Amino acid sequence: MKRKIYDELLKWKNESARDCALMIDGARRVGKSYIVEEFAKKEYESYILIDFNLGNTYVESLFENYLSDLDTFFMMLSTIYRKKLVEHKSLIIFDEVQRFPKARAAIKYLVKDNRYDYIETGSLVSIKKNVKDIQIPSEERHIRMNPMDFEEFCWAMGDETTVPFIKKMFTERKEFGPVYRQINTLFRQYIIVGGMPKAVLTFVNTRDFEKTDAIKRDILTLYRNDIQKYAEKDVEKVTAIFDEIPSQLQHHDRTFKLSDLDEDARFRGYENAFFWLKDAGIITPCYNTTEPSLGLKMNKDRTTMKCFMADTGLLISHTFDGNGIVQQEIYKKLMLDKLSVNFGNIMENIVAQMLTANNHSLYFYTNSSRDDSESRMEIDFLVQKTTVTNKHNIYPLEIKTGKNYTITSLNKFKKKYDAQLCEPFVFHEGEYKQENGITFMPLFMVMCL
């Protein structure tokens, strides 16, 4: 399946491979190994893929004993994998490199040797256990791989026209007319299926939500097993957060309330657990910022956060797990918006996923003042403009579901912070329109920011 990260790999090969290795991290089953091997097959004369999941002690011993003699190192590596290495035309892949940190440390010497190119893949590459006793090489460029975005999902479905059309309507600020319903149906399929490649492939081949759900549940089980195996002393806290995500996103303001886990819980005691889930690519945190100005990070309140799942399809399977599998009937109701539960948490999660896919850091704004009603407001997301100007640098985004909703907070926010804000957006389940200086757009158009 076609992935946008392929272009980044190609750019690295053409511009930087002589100077650094490429580290691709991301969640398990997000497609790292697949895309790197496809890249190796198409762009190199030969490649060797070292899968450190296999725990091959003979291969690992090469890193222990032969880094000072790279001629022998490469000769033995080539012999083990029965692959001929061609100088400047071969790629060596360290797959799941976090399982053997010494290989990651060796990148410094291998890149300096300059015979071959190197790509590393991994998850949990930043936790202490996986960097203990090694020096992280400066000759390593880091990129994150996310679940498939809506355009990649469309490509997998054989559709290469819908997203360019959406972008055209965004630029021209026009209504979609009769095709709105068709696009929205495709978007709902993406929300439900999600962006994990195996789930997408299953849906593409079968158009069966129940079979697709079974794949997603396998991935959730894998995540649970990883938590039990690798979270170590934080395993109970990580598990508690993971299990609590669906109910926490049902809160009116979506913020994660540690008191629901333990009335005496404090953020400091759970900080490592949140970091573990973020590094594993399972969650995407969204932090409260106290001021909608340039440098949202400078005003970040790290103790007040929303905890979104990195893949909305997985969130749906995680949420509706009463019978162990989401029944076909529930999926039909989700498709037709006939489910008698609050769908706002799902929609806000998919917006977080789309913003992350476009490399936005996630921030929101909340002020719960009891004394000043004009200051009391909540804004779902704040996004910084790509091109910075003297003022008007922040897009405020409100996410609305259903037909009857208010935008009181956005109006107050717009009035109070007019100098800092550029175009305010309401993304809703309806057509494009503009009213009172606010732009209303269909939810799927978030991808255009």
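Let's start with a pair of helices: H13 (residues 235-248) and H14 (residues 267-279) pack at an angle of about 65°, and their axes sit 9 Å apart. That angle makes H13 roughly perpendicular to H14. The crossing of the two is right-handed. Keep in mind that this is a predicted model.

Who touches whom here? On the H13 side, the residues are Lys237, Val238, Ile241 and Phe242. They meet Gly269, Tyr270, Ala273, Phe274, Trp276 and Leu277 of H14. Sorted by class, this contact has 8 nonpolar, 1 polar and 1 charged residues.

## A helix tucked inside

Now look at H10, which covers residues 180-193. From its first C-alpha to its last, this 14-residue helix reaches 20 Å, close to the 20 Å expected at 1.5 Å a residue.

Is H10 mostly enclosed or open? Of its 14 residues, 11 are buried, so the rest of the structure largely encloses H10. Among the buried ones are Tyr180, Phe187, Arg188 and Val193. Just after the helix comes Gly194, with a positive phi of about 85°.

## Two loop residues with positive phi

Arg207 isn't a glycine, yet its phi is positive, near 55°. You'll find Arg207 in the loop between helix H11 (197-206) and helix H12 (209-230). With a relative accessible area of 44%, Arg207 is partly exposed.

His392 isn't a glycine either, and it has a positive phi of about 60°. Its loop lies between strand E9 (377-384) and strand E10 (394-399). His392 counts as partly exposed, at 28% relative accessibility.

Methods. Residues are numbered from 1 along each chain as its sequence is written. This is a predicted model: local features need pLDDT of at least 70, side-chain atom pairs count only at pLDDT 80 or more; totals for chains, interfaces and linings use all residues. Side-chain values use heavy atoms; hydrogens and water are left out. Helices (H or I, at least four residues) and strands (E, at least two) are DSSP runs, numbered from the N terminus. The expected span of a helix is 1.5 Å times one less than its number of residues. Buried means under 20% relative accessible area, exposed over 50%, partly exposed in between (1.4 Å probe, protein chains only). Axes are lines fitted to C-alpha atoms, for helices over the stretch in contact, and angles run from 0 to 180 degrees between N-to-C directions. Angles under 35 degrees count as roughly parallel, over 145 as roughly antiparallel, 65 to 115 as roughly perpendicular and the rest as oblique. A crossing is left-handed if the near helix is turned anticlockwise from the far one by less than a right angle, and right-handed if clockwise. Contact means heavy atoms within 4.5 Å. Ala, Val, Leu, Ile, Met, Phe, Trp, Tyr, Cys and Pro count as nonpolar, Asp, Glu, Lys and Arg as charged, and the others, Gly among them, as polar.
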